[in-house]
Amino acid sequence: MDSLSAVSEELAEIDGQIADIFRALSNGFQKLDKIKDVNRQSRQLEELTGKMRECKRLIKEFDREVKAMERRTNANTHRMLSEKKQSMVKELNSYVALKKRYQSNLESNKRVDLFDGPNEGFIEDNDMLASNMTNQQLMDKGYQMMDETDQAINRAKKVVQETVDVGTETAVTLKAQTEQMSRIVNDLDSIYFSIQKASKLVKEIGRQVATDKCIMALLFLIVTGIIAIIIVKFVNPNNKEIRDIPGLAPPAMNRRLLWTPY
């Protein structure tokens, strides 16, 4: 303890807690030998098992502290800490083995209490009854036991049949759900293909709309150009640089020049 205090106060504190748990485990197992009641023995074992779990947790914490201090300690100190941890683990394992042995004995005692005691009394009662019965009574008792056995077999058959029916219904339900899932998957595939087809149609319509817009813009430019030429032609009819548009009549001013006044 003093050597651990010189190395680390935390390690010394953990070591002290583990030592207290080991003392409690030792006293607990000594007390367990004096307990005769099966239920009290079971409760005592549960309490000791909880202490062993706490001890295991503290040993793991001790190991983490040792690993964290590995770089700050020399080789001798690290070896001493490792040996200390190994001794803790060894002592804990001895208590675990002791607990398993007590647990096994406890389960054996419970089986004896459950089966041996009542069966012995039952056998004694049967012996006493059989000794006091006549042959006819023994036959009637045998027939009664056979009837009870038949009834138990029929009940077991009924339970088995109910189990089979439940299994059949479950299989039918699963099959129906599987078919429904298949239909849902097929519907989803159809929806996916429809969405793809709709996307292609939308793209084609978009391209057609863009083409129509270009055509309309071109027609608008042509019509605007023709109107501009007409306006310029009427405003400045003597401009020879502007050619007459085919199909368009010459300006009205030229037609007046052909008339002769009277």
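**Contacts and core**

Colleague: Leaving aside neighbours within four places in sequence, which residues is Ile-18 in contact with?
Modeller: Please keep in mind that this is a predicted model. Once the neighbours within four places in sequence are set aside, the residues in contact with Ile-18 are Cys-55, Leu-58, Ile-59 and Met-88.

Colleague: Which elements give two or more residues to the largest nonpolar core?
Modeller: The largest nonpolar core has 27 residues, and Ile-18 and Cys-55 are among those with the most contacts inside it, as are Phe-22, Leu-25, Phe-29 and Phe-62. The elements that give two or more residues to this core are helix H2 (9–34), helix H3 (38–68) and helix H4 (75–132).

Colleague: Are H2 and H3 roughly parallel or roughly antiparallel?
Modeller: The axes of these two helices come within 10 Å and cross at roughly 160°. Because angles over 145 degrees count as roughly antiparallel, H2 is, relative to H3, roughly antiparallel.

Colleague: How many residues of the contact of H2 with H3 are nonpolar?
Modeller: The crossing of H2 and H3 is left-handed. Of the residues in the contact of H2 with H3, six are charged and four are polar, while the nonpolar ones number 17.

Colleague: What share of the residues of the protein count as buried?
Modeller: The protein has six helices and zero strands. Of its 262 residues, the share that count as buried is 16%.

Notes: Residues are numbered from 1 along each chain as its sequence is written. This is a predicted model: local features need pLDDT of at least 70, side-chain atom pairs count only at pLDDT 80 or more; totals for chains, interfaces and linings use all residues. Side-chain values use heavy atoms; hydrogens and water are left out. A nonpolar core is a set of buried Ala, Val, Leu, Ile, Met, Phe, Trp, Tyr and Cys residues joined through side-chain atoms within 4.5 Å. Buried means under 20% relative accessible area, exposed over 50%, partly exposed in between (1.4 Å probe, protein chains only). Helices (H or I, at least four residues) and strands (E, at least two) are DSSP runs, numbered from the N terminus. Contact means heavy atoms within 4.5 Å. Axes are lines fitted to C-alpha atoms, for helices over the stretch in contact, and angles run from 0 to 180 degrees between N-to-C directions. Angles under 35 degrees count as roughly parallel, over 145 as roughly antiparallel, 65 to 115 as roughly perpendicular and the rest as oblique. A crossing is left-handed if the near helix is turned anticlockwise from the far one by less than a right angle, and right-handed if clockwise. Ala, Val, Leu, Ile, Met, Phe, Trp, Tyr, Cys and Pro count as nonpolar, Asp, Glu, Lys and Arg as charged, and the others, Gly among them, as polar.
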